[in-house]
Amino acid sequence: MVSRVIPVDPFDLVIFGGTGDLARRKVLPALFRRFCAGQMQQASRIIGAARTDMDETAYRRVVSEAIHEFSPSTACEDGTLEQFLQCIHYVTVDAMGEQGWAELTEKVTSVDRVEAYYFSVAPSLFGPLAERLQGHGLADRRARIVVEKPFGRDLATARELNGTLARYFDEGQIYRIDHYLGKETVQNLMAVRFGNMLFEPLWNSQFVDHIQITVAETVGVGGRGEYYDRAGAMRDMVQNHLMQLLCLIAMEPPSRFDPDAVRDEKLKVIRALEPVEPHHIARGQYEADPDDPETHPDYRTAVDNPRSKTESFVALKTHIANWRWAGTPFYLRTGKRMRQRSSEISIVFKETPHSIFGEEAGRHRNVLSIRLQPNEGITLGVTIKEPGPGGMRLIDVPLDMTFADALGADGGESVDAYERLIMDVIRGNQTLFMRGDEVEAAWAWTDPIIEGWQNRGEVPKPYASLGSGPDDANNLMRRDHREWRKI
């Protein structure tokens, strides 16, 4: 199934940090794929801006190398890359000074079109960049800025960052990007919930036993050790990625599919989250791979901090204090160096109130599983009779809709999250971006959890590399007579 591509009007996109890792791995390849698809027109301009002193020819070589490395399947089509490179420009810019700003201003104010500024830089530069954009007349109504996480480190710094950006830009011009919200399955989650009458009557505490949200990675901290040891799994994953998934699962139907209507409902969920009790939290640090400790060392060695108390794994149980979800626990789990890479939301329905088949039929529950990665898709587990004679033996089988199978090669992962989100910025659609009050509400819930374990002096428990996490996480479920879905 081939989706219909609607070209966007020509635009200017300035990538601050245009020579950095994020630009090379994600932003530039995403733009190239949209160019190949016909959504980005030749008249658009991509302007790299960084401190590195180079000319446009040298920067185009950087872009070409990035696309060959990170988007190889589309890089060699006849003449396409050469055409795309004609859209690429470069300006040497000092975010903290005045170098290059006059040249940049001349480039982006020559035509009447959308101007987007991607802050692919450290958060400490968000304020100086916003100030200089405003000072050089680039923060007008056409301007849109894209900021990457982390959106602060706690509630105080998030408020400070939001206040800084608000001095120069309206909220409607600020796009806080969370790539999880650009995934096809995340948007299909809204379609499943609000486009099918089948589920809505069951989407509440009367029929749902509990909900699990898991984001597991097989990789360790890698080259992010210095940043990660200051953040940890709670700040790096739970406060943003898992929080957004929880909101989409739990929110009430918005009045319409409109950016603020959707984000209003998400905000209500965050504000209804109950505090997390100390015994409802499990934290861990991964150990070295016993088969290859040199390549895959333990967490503390990887971050070069032998006394680190930062978690590479966290699991917790929380509740939402509203009528729909009262009494239904939400279990969140994320970790590095886990058994397999998996992002999954599982809605576990309650057992039937009475089994007519007797105890020998066993216990069975329907589970709606939404896979974000890998193999994006949705599976509904149903109970049927096992084929053959010998009585009424029940088994659980999946009704499986793997997007690649159901929709063809173009139906699932072929469109990267960054492709969709960048095009939404150009179109001015903020539905899949976080609003400032969402970010602050998420930190207001997260901060007491972090402060609690710091005040108690708790140390994360070790867990086996490529395992399922520390025993405390399994005990968290066992106490409730439940178990984690296998990853």
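Two strands pair if DSSP finds at least two bridges between them. Strands (E, at least two residues) and helices (H or I, at least four) are DSSP runs, numbered from the N terminus. The model is predicted: local features need pLDDT of at least 70, side-chain atom pairs count only at pLDDT 80 or more, and totals for chains, interfaces and linings use all residues. Residues are numbered from 1 along each chain as its sequence is written, and side-chain values use heavy atoms, without hydrogens and water.

Nine strands form an open sheet with mixed pairing. Their order is S14-S13-S12-S11-S7-S10-S9-S8-S15. Strands S14 (394-402) and S15 (461-463) stand at the edges. Each has a single partner strand, so one side of each lacks a neighbour in the sheet. Within the sheet, S7 (residues 208-216) and S10 (residues 330-335) run parallel and are joined by six bridges. Ala216 has Gly335 in S10 as its bridge partner.

Helix H9 (residues 225-250) packs on this sheet. H9 touches S7, S9 (313-318), S10, S11 and S12, where contact means heavy atoms within 4.5 Å. The direction of H9 makes about 140 degrees with that of S10. Here axes are lines fitted to C-alpha atoms, for helices over the stretch in contact, and angles run from 0 to 180 degrees between N-to-C directions.

The cysteines were also examined. A disulfide is a pair of cysteine sulfur atoms within 2.5 Å. The count by this rule is zero. Cys87 is in no disulfide; the nearest cysteine sulfur, that of Cys36, lies 11 Å away.
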